[in-house]
Amino acid sequence: MAARETGALQEAKDKLEKRVEELTWRLSLEKRLRTDLEEAKAQETVKLQNSLQDMQAKLDEANALIVIEQETAKKAIEEAPPVVKETQVIVEDTKKIDSLTAEVESQKEILSSETNRADDYEKKYNESQASLEEKQKKLEETVKKAQQLQESLTRLEEKVSNLESENQVLRQQAVSMAPNKFLSGRSKSIIQRERGPDSGHGSGEIKTPLDLHSPSMNNREDVEEKPQKSLNEKQAENQELLIRCIAQHLGFAGNRPIAACIIYKCLLQWRSFEVERTSVFDRIIQTIGHAIETQDNNDILAYWLSNASTLLLLLQWTLKASGAAGMAPQRRRSSSATLFGRMTQSFRGTPQGVNLSFINGGLNGGVDSLRQVEAKYPALLFKQQLTAYVEKIYGMIRDNLKKEISPLLGLCIQAPRTSRASLVKGSSRSVANTAAQQALIAHWQGIVKSLGNFLSTLKANHVPPFLVRKVFTQIFSFINVQLFNSLLLRRECCSFSNGEYVKAGLAELEHWCYKATDEYAGSAWDELKHIRQAIGFLVIHQKPKKTLDEISHDLCPVLSIQQLYRISTMYWDDKYGTHSVSADVIASMRVLMTEDSNNAVSSSFLLDDDSSIPFSVDDISKSMEQIDISDIEPPPLIRENSGFSFLLPRSE
């Protein structure tokens, strides 16, 4: 499975790289078009300015000529004899004035035409500027998408690298497993490495491993005489007590699940993550599996979803796969080194999401700084099993909610006959009309009540809001699929009055999303876009006047031509007697559907429900806030046990 997942991620990586190359090419093309447009705009502006200057010069010359001719005419009138002057001046000056007037009029016409041309150029300039701004916005969006794709590609590369590293560790550990005799010797060497020279004696002395639940030793002879079996028995007793403790409902400390915090502290204290063989992980997994056998109890499922997800995140922030590269053959060391190096770098440093201040200076070893644990095969396997249980419990909760609302969804797609008839007739009595409205909306209110109860259960068990949002997003997607498919399969549902009924029910869901807030509802409302747009088409007036472009781009942009054709041909108005879209629109839809069939596009108009797990461990890790587990009070069952004294808050 890990190999297949790695292959899928590699394929996704290749697709994203092709997409990035395509976007880069488009970006360079947009830049080149923008440069050409700016050069053309500059040339047009220069031509316009030159033309205006020429027209202004011609107008000035014409005005100067008129002034000169007028002065000449005045002088001629003054110098000529009275009778002759009067007769000739009238004739000569009239001709000159008419010619000049005609010339001025022609110049005015030329000026007017040039002004119109200038206005046209200015209009074109403004249009070019608007187009340029729009292209600039698209260019910025393209750059932003390219950056997002690059970031997504980087995250995928890191995830692929981590998966390859973890799988390499698991495979090499599984291959290197030897008989019990070898494991016993290896465990003994691990214990010896954990021991260190006592600061108060010579280097030849040894002391017990850093283990608070191990029996106290009085001297070196006791250490040598005590068999390893006694340590294992004591550890088994403590593990048994821990299992008995977490099998109970321990509740929460604030918003932190106590069971997850106690398990994590104990495993870290006992160094269970660093051993080659242990049964504590299997027993914890068995306890969780036994607890969730009652699949119908959503409160128990939510409780263990909260605990399992919190414990998984603590492991994600703490464990790192290491040590297996040294067990590989020498000839593979160079390639494995880079692989594990990348994974180690991604886990390097202090985890930002977990506060483990109870470790610093709190153990017998006096740890000075927080370090991540080099996990062995059982710990990595435990993390994978825990991930599987988080996904399983999430799916059980989601499916329980689907089962609860499914009977109501079948009633919500079509209005009850009695109530619908009373509304269609338009009863004059307000009381009767109100009762009909209540009967219409009762099923929708049942769905809203189920959603509210589930939300209260998840919030009471402090399930991470990220998982809550994912649950309701998939539930609303399920509602969208069920209602939309029923609408397209049943002609009696494609009526005007039934559209009003479903629209009123969708308003109830929208109000619930508003009350639940974005923290828990997230983008759930957006998942209803298919049924919302289909219902919007049913209740819109003047359908015959709507064009195909208006319907497919403005009213129902997410619906396919097959879906629009299905709704348009099945629509009937049981309230006002209006008609569906025009015959031309229906014919255009048929042409488009024929083209789609020739292009091998799927002709199915039904939606499919997505029941996959819509998140990964990395998604949960990025969405979780800081967890401080240093002040968690241990349960009464283990509080007085000396083997669990490390769980008690440390006094200053």
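The points below describe selected features of a predicted model.

1. Basis of the values. The model is predicted, and local features need pLDDT of at least 70, side-chain atom pairs count only at pLDDT 80 or more, and totals for chains, interfaces and linings use all residues. Residues are numbered from 1 along each chain as its sequence is written, and side-chain values use heavy atoms, with hydrogens and water left out.

2. Nonpolar cores. A nonpolar core is a set of buried Ala, Val, Leu, Ile, Met, Phe, Trp, Tyr and Cys residues joined through side-chain atoms within 4.5 Å; buried means under 20% relative accessible area (1.4 Å probe, protein chains only). The largest such core holds 127 residues, of which Leu509 and Trp512 touch the most other members. A second, separate core has nine residues, including Leu16, Leu23, Val160 and Leu163.

3. Arginine 398. This residue lies in helix 10 (residues 377-412); helices are DSSP runs (H or I, at least four residues) numbered from the N terminus. Arginine 398 counts as buried because its relative accessibility is 4%. Its side chain reaches the backbone oxygen of serine 611 at 3.2 Å. Beyond neighbours within four places in sequence, arginine 398 is in contact (heavy atoms within 4.5 Å) with Gln474, Ile475, Ser611, Ser612 and Ile613.

4. Helix 8. Spanning residues 298-318, helix 8 has 21 residues and reaches 30 Å from its first C-alpha to its last, close to the 30 Å expected at 1.5 Å a residue; the expected span is 1.5 Å times one less than the number of residues. Helix 8 is largely enclosed by the rest of the structure, because 19 of its 21 residues are buried. At its start, a side-chain oxygen of asparagine 297 reaches to within 3.2 Å of the backbone nitrogen of aspartate 299.

Terms used
Buried < 20%, exposed > 50% of the residue type's maximum accessible area, 1.4 Å probe, protein only. Helix = DSSP H or I, 4+ residues; strand = E, 2+ residues; numbered from the N terminus. Polar contact = N/O pair within 3.5 Å; in protein donor to acceptor, adjacent residues only side chain to side chain.
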